[in-house]
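Notebook open, structure loaded. I want to look up a few side chains and jot down what turns up.

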Amino acid sequence: MVVAACPTGLRGDLTRWLLEISPGVLVGKVSKRVRDLMWARVIDMVRTGRAIMVHHADNE
């Protein structure tokens, strides 16, 4: 997940489940349920910032 120009509280929340390898760049392996809950939290908190999430899928 990559977040930019977002509240610092959002990055803090995401570090509960993900490792921040660079400012605003978070990586980790979580279940689908946790991933969906994290994304809902991001949508609620991102405000005027930006966020993108990439995850593995078993398809082409």
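Predicted model: local features only at pLDDT ≥ 70, side-chain atom pairs only at ≥ 80, totals over all residues.

**Charged residues and a nonpolar patch**

I began with the side chain of Asp13, which makes a polar contact with the side chain of Arg41 at 2.5 Å.

Next I checked where Asp13 sits, and found it in helix H1, residues 8-14. Is Asp13 buried or exposed? I got a relative accessible area of 10%, so Asp13 counts as buried, the cut-off being under 20%. Leaving out residues up to four places away in sequence, I listed what Asp13 touches: Arg41 and Met45.

Then I moved on to Arg35, in helix H2, which covers residues 32-45. Arg35 is buried too, yet I found no salt bridge for it. Which side chain of opposite charge is nearest to Arg35? That turned out to be Asp36, 4.1 Å away. With residues up to four places away in sequence not counted, I have Arg35 touching Val30, Met53 and His55.

Last entry, the surface. Which residues make the nonpolar patch? I noted Val2, Ile52 and Val54, with a patch area of about 280 Å². I followed up on Ile52, which lies in strand E4, residues 50-52. Its relative accessible area came out at 48%, so I wrote Ile52 down as partly exposed.

Definitions and conventions
Residues numbered from 1 in each chain as written. Heavy atoms only, no water. Helix = DSSP H or I, 4+ residues; strand = E, 2+ residues; numbered from the N terminus. Buried < 20%, exposed > 50% of the residue type's maximum accessible area, 1.4 Å probe, protein only. Lys, Arg positive; Asp, Glu negative; His and termini not counted. Salt bridge = Lys/Arg side-chain N within 4 Å of Asp/Glu carboxyl O. Contact = heavy atoms within 4.5 Å. Patch = residues over 30% accessible without salt bridge, like charges linked within 9 Å, V, L, I, M, F, W, Y side chains within 5 Å. Areas by Shrake-Rupley, 256 points an atom, 1.4 Å probe, with all protein chains shown as cover. Polar contact = N/O pair within 3.5 Å; in protein donor to acceptor, adjacent residues only side chain to side chain.
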